[in-house]
Amino acid sequence: WRQARPHTRKSMEGSSQQAPLVCPGHSRGVVQVSFSNATPDGVFLLSACLDGKPMLRRGDTGDWIGTFEGHKGAVWSAKFDAPAFRAATGSADFSARLWDALSGDQLSEFNCGHIVKSVDFAPDNNKLLCGGKFKKLKVFDLEKGALMRELDGHTAGVKSALYAPSGTTVFSGGEDKVLRVWDLNSGSQIKAFEVKKEITSMQLNCAGKVITLTSGTEVHFLDTDTLEMITTLECPIVNPTLGGNVKAQDITSASLSPDRAKFIAGGPADQAWPDPWVHVFDYATGKEVECNKGHHGHVWDVAFAPDGETYASGADDGTIRIWRTDPTKAKEGKDDAPAA
């Protein structure tokens, strides 16, 4: 790793519900947070940031491990492969890059020709799916280091693209307000779902069965086996600090818990009305059940840890916060231990 470690601390910063672990270090907004699968060495957390320096941390404590150095523009997406041996990042410098997550060394660089907004590893870990302002999906062969397929059909920029657990189906969505489903064997689009506003985020839940996507004030849940929409919930964000006396705002990101009991959401990026709260909703009813304060800027992204016991949020204040899913259940020995 090629950068001195930034100061990391635990904070019991104010919240009416709970006090999160606070992970500083970034100098600009954190636009994506991604947990690894559970590994023999634990769970890890990746952050993509507008400062162009994605970071790797412990998923349980938030302790900094290293920073991936090399991008020359904002990093919009960062993901692990299945065993968390490698990481991939997508950037405004028009590149997607592959990294050794153990050493921090760059392994490959792929030129996508425009801003890369989304990266995702195939389930076999040998291919990388990229989406962005280039309006296409690009699939790179990581063993050969070459482009192997392009999927053409979006009419505007792609904000998120994901593999299905099968590895033969991918999902994509973005500015053209359409969720598209693609068959990689034929290279053709096999399904499309129109939504009311642009798709701002998509996430595969930890069990791999449900894709959660956000569009305006709606959160959609898609079954990855049947390729049918399970439900759509209307979940407008209302900033509690303003007493609810303003019009409801759009959701920017959402993540479904592994047990499908709750989902979490981040609020709007409207600079005139930034929402620094992390909102928790009941999956069955769509009703907000918890609202956590801690960030000092709007929340760009949220993600559940694989065990569902915690979730992370990344915000415009340059910090990541790690929250307990059940605020009454303190992690034994964690609250009093110093952050090493």
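In which loop does Asn-125 lie? Asn-125 sits in the loop between β10 and β11 (127–132).

The model shown is predicted: local features need pLDDT of at least 70, side-chain atom pairs count only at pLDDT 80 or more, and totals for chains, interfaces and linings use all residues. Residues are numbered from 1 along each chain as its sequence is written, and side-chain values use heavy atoms, with hydrogens and water left out.

**View A. Asn-125 in the β10–β11 loop.** Phi of this residue is near 65°, a positive value in a residue other than glycine. Asn-125 is buried, at a relative accessible area of 16%. Buried means under 20% relative accessible area, exposed over 50%, and partly exposed in between (1.4 Å probe, protein chains only).

**View B. Ser-118 in strand β10.** The strand covers residues 116–121. Strands (E, at least two residues) are DSSP runs, numbered from the N terminus, as are helices (H or I, at least four). Ser-118 is buried, because its relative accessible area is 4%. A polar atom of the Ser-118 side chain lies 2.9 Å from the backbone nitrogen of Ala-161. Not counting residues up to four places away in sequence, Ser-118 touches Ser-77, Leu-129, Cys-130, Gly-131, Lys-159, Ser-160 and Ala-161. Contact means heavy atoms within 4.5 Å.

**View C. Arg-260 in the loop between β22 and β23.** Arg-260 is not a glycine, yet has a positive phi of about 60°. Arg-260 is partly exposed, because its relative accessible area is 33%.

Methods:
A polar contact is a pair of N or O atoms within 3.5 Å; within protein, one must be able to donate a hydrogen and the other to accept it, and residues adjacent in sequence count only if both atoms are side-chain atoms.
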